[in-house]
Amino acid sequence: MSQWEVVIGLETHAQLKTQSKIFSGAATAFGAAPNAQACAVDIALPGVLPVLNREAAVCAIKFGLAVGGSIAPRSVFARKNYFYPDLPKGYQISQFETPVVAGGALVIRVGDAEKTVHLTRAHLEEDAGKSLHEDFDGRTGIDLNRAGTPLLEIVTEPDMRSSEEAVAYAKALHALVQWIGICDGNMQEGSFRCDANVSVRRPGAPLGTRREIKNLNSFRFLQQAIDYEIKWQIETIEDGGKIQQATVLFDPDTGETRAMRSKEDAHDYRYFPDPDLLPLEIKADWIAEVKRGMPELPAAMKARFERDFGLSPYDAAALTATLATARYFESCVAAAGAANAKSCANWVMGEVAARLNKDGLDIAAAPVSAAQLAGVVTRIADNTISHKIGRDVFDALWAGAGADADAVIAAKGLRQITDSGAIEAMVDAVLAANPKSVEEFRAGKDKAFNALVGQVMKAAKGKANPQQVNDLLKKKLAG
Amino acid sequence: MIHSSLKELSAALAARKLSAVELASLYLDRIDALNPTLNAFITVDRDKTLAMARDADARRAKGESGPLLGVPLAHKDIFCAEGWTTTCGSKMLANFVAPYDACVVERFKAAGAVTLGKCNMDEFAMGSSNETSFFGAVKNPWDTARVPGGSSGGSAAAIAARLAPAATGTDTGGSIRQPAALCGFTGLKPTYGVVSRYGMIAFASSLDQGGPMAKSAEDCALLLNAMAGFDARDSTSLERAVEDYTRALDKPLAGLRIGLPKEFFGAGMDADVRSAVEAALAEYRKLGAATVEVSLPNSGLSVPAYYVIAPAEASSNLSRFDGVRYGHRAAAYGDLNDLYCKSRAEGFGAEVKRRILVGTYVLSHGYYDAYYLQAQKIRRLIAADFAAAYETCDVIMGPTSPSTAFRLGEKAADPVQMYLSDIYTIAVNLAGLPGMSIPCGFDRGGLPVGLQLIGGWFDEARMLGIAHQYQLATDWHQRRPALAA
């Protein structure tokens, strides 16, 4: 495989999080009874007309700002004409020659390497309905609830060179569209789906013929489909065959791609500007207004975390994976103080992430609030409790036992023993009761020391200050 | 009563000289008597009409008043009207009962107007003679062997024969003005965007415009007051202050500069049409107006540009008629493609198919630039021609149609001849301007001739005044066919 270079470009359809459809007032919520959310415009009754939902344009502006693309002062809606039962008008309203966003880029990480994926464009369009082929005695049912749902189609340059890069890009984009609040990112419901254009070539050669894999709605399928496609294309060429431009579908059951239609029977969509819609005009003050309402972008926040809190690039990236995680972390640091930022980071990425994962919860629904976690972090930092006891306090808070760390510590008597007299008494008792361990330690067995620490902590029910226990034991054993 | 103006009908209703029910019945009886001859209406529903009339009478009894309360009128069958079969002149929609009201229908309802029925029209408004209707040709009340013009031919025949005191029409390339000329009454196509297209079945979206058809300019002004105005459901509807279109009716014509495009007075116009138009211009000069020659150098390109743009938009607009959700579906079909092919082949008539094919062709990959883009450029040139002309004149005048009403079947076999009957009206749609046709005389066979008025953008009120002053001085608009004597 090494003598082949893989070239991948992605087209992603992100369903925009608007209350109503892009050209009608019908609701966009998922899961309603078939055709319950299809109004006269969606059904394409004679005489109805589309009216642009300005919220969809706001989403496009946010995206353009987030990727550093240029937002067209005037973009045009065009009709893409083809017949299909779930396309009620016989054309899809999309943007063709002048998309709302041109250019822009996304930085992705694969392993330790950073890479920039350039975007060609992003344009607004409406989704089609759904054809349901089951349950109708061989006939086809049409559900137009999804017809007219706003989509932003985001197209990259052919910048990716492996399925790993493609997945990293898709994940970064997935995170970004949720971060800026324009897409719920729900891949099972089809809110975020990718088409992958894949070709292979000898390094330095012109681009090979591409095949487009349609409608990949999970990162795993994206990776599997591309990997299979690469292998198939290389084998085909090495067997003396030629790649024909085609649209292909990925079958998750077999893990294979198969051709749906070739270039020869590709549609002539007869695009032309939609005379029912005026061009979308976006003036600078509208962009400025949208910008004011946008959150700090993940790249900027990541850089700030590194700079202000001394976090590693890895930690900063993990904490800015989602806006909710970043906000949780920031609230925690705000309450615990910047000096404890690293500790907050470890808790958020460690204990909090693990518990959320175990309970299948989103960070927004975490039972331990950022302020409560800050309480735990603060009490560890000021030596009120040890890190280990800190976990017990965290668990108690997670289970809802207590309003904050201090309440749990007080209620359970978890305050750390720092009275050196009390600790010395426990150390003396342990040394007296464990002559064998003492012997072994003196004979050079370091492990015996840990056993003695363990005995002291056991006697202290875990509450003795570990540093003091260590220091005292060392002093006594040396004496 | 049947020759009364809307103002007179309105006054009679207000004075309780007759009820809306009585007035509607009068017209329904005339429709019953004459529609079998004229075929002006596709749908008449006495119960629905009388229910609306009763409602209008009830509103008046409760103290409501208004210039159109209880006034009957007919709608071109291109406007969706809730509960009414709305066919657009096509087999495709022969069984389609509209579940909602077009904006225009809704506004007339709100004003208390009573719907007399749905008027015949060329199929999907494609035609200039009303011969392409699935429901049969409409006859011209002045001579039932002749066409009424199209596509609003049913509305035109209904007004001329006094089956309705007024009607709605739509005009994509002349479909209000040309039938108004051929049937001898007054019709106005407003500036594009003044009347909402919501609920008006689309032919060519960038050209279609609804407008009033009535016996006089004054009546048209009253109707336009009800029809016009911003509608958020139509993105091309213009957000402008509400106007009173009757406000300039009494304005004298002294100092008015009438532009006469030299391109409209060349060869191709019947001699009788020319002499009637010239007589009308002489009358205008008598009323204090001056005429100046202007030029619209690109107007010769308007017919070819129109027959690229209109079919292109139509080919896409008519894609929704696929036999899947409503409208005609073939009784038997194989696969999905067969369902489409059979349903559309059976549902559409020859002229509609011709335009879908032309439109599909001009939008195809490799032809788009040569046809569609080129036509759009011509369109801009034509608009620029008009803008330049209005630097030296206030209104443009000329013939509405090169000939008077032609015989049924005369041009049906030759689409290009048919298309050329809109040679003077089409440029107005391409430029989005308001245009009117008013009666200005007769040919030697006794058929009416129309004078076309073309105003600047949003000049409707002024144009209606210019027409009204002429109608105060002449009585061409009061002449009527023997059938409505």
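So, the second largest cavity: about 80 Å³ of space lies in there. By cavity I mean a set of points, on a 1 Å grid over the protein atoms alone, where a 1.4 Å probe fits but cannot get out. The volume is the space filled by probe spheres set on the points, with grid points joined across faces, edges and corners. Its lining, meaning residues with an atom within 4 Å of a point, takes in Pro46(A), Gly47(A), Val48(A), Leu49(A) and Asp276(A) from chain A, plus Met200(B), Ile201(B), Ala202(B), Asn317(B), Arg320(B) and Phe321(B) from chain B. That's seven nonpolar residues, two polar and two charged. Here Ala, Val, Leu, Ile, Met, Phe, Trp, Tyr, Cys and Pro count as nonpolar, Asp, Glu, Lys and Arg as charged, and the others, Gly among them, as polar.

Quick housekeeping. This is a predicted model, where local features need pLDDT of at least 70 and side-chain atom pairs count only at pLDDT 80 or more, while totals for chains, interfaces and linings use all residues. Residues are numbered from 1 along each chain as its sequence is written, chains are lettered from A and ligands numbered from 1 in the order in which they are written, and side-chain values use heavy atoms, leaving out hydrogens and water.

How many cavities of 30 Å³ or more does the structure hold? Six.

Ser24(A) touches both of them, along with Cys39(A) and Val51(A), if you skip residues up to four places away in sequence; contact here means heavy atoms within 4.5 Å. You'll find Ser24(A) in the loop between β1 (5-15) and α1 (40-43) of chain A. Helices (H or I, at least four residues) and strands (E, at least two) are DSSP runs, numbered from the N terminus. Is Ser24(A) buried or exposed? Its relative accessibility is 9%, so it counts as buried; the cut-offs are under 20% relative accessible area for buried, over 50% for exposed, and partly exposed in between, with a 1.4 Å probe and protein chains only. A polar atom of the Ser24(A) side chain also lies 3.3 Å from the backbone nitrogen of Ala26(A).

Now Val51(A) leads us over to chain B. Val51(A) is in contact with Asp234(B), and so are Leu49(A), Val195(B), Ser196(B), Arg197(B) and Tyr198(B), leaving aside neighbours within four places in sequence. Asp234(B) sits in the loop between α7 (217-227) and β7 (257-261) of chain B. At 2% relative accessibility, Asp234(B) is buried too.

Let's zoom out to chain B as a whole. Its secondary structure comes to 15 helices and eleven strands. The radius of gyration of chain B is 21 Å, close to the 23 Å that the globule rule gives for 485 residues, so chain B is as compact as a globular protein of that length. That radius is taken over C-alpha atoms, and the rule is 2.2 Å times the number of residues to the power 0.38. The C-alpha trace spans about 65 × 55 × 45 Å along its principal axes. And 65% of the 485 residues in chain B are buried.

Methods:
A polar contact is a pair of N or O atoms within 3.5 Å; within protein, one must be able to donate a hydrogen and the other to accept it, and residues adjacent in sequence count only if both atoms are side-chain atoms. On a 1 Å grid over the protein atoms alone, a cavity is a set of points where a 1.4 Å probe fits but cannot get out, and a pocket is an open set with protein on both sides within 12 Å along at least five of seven lines; lining residues have an atom within 4 Å of a point.
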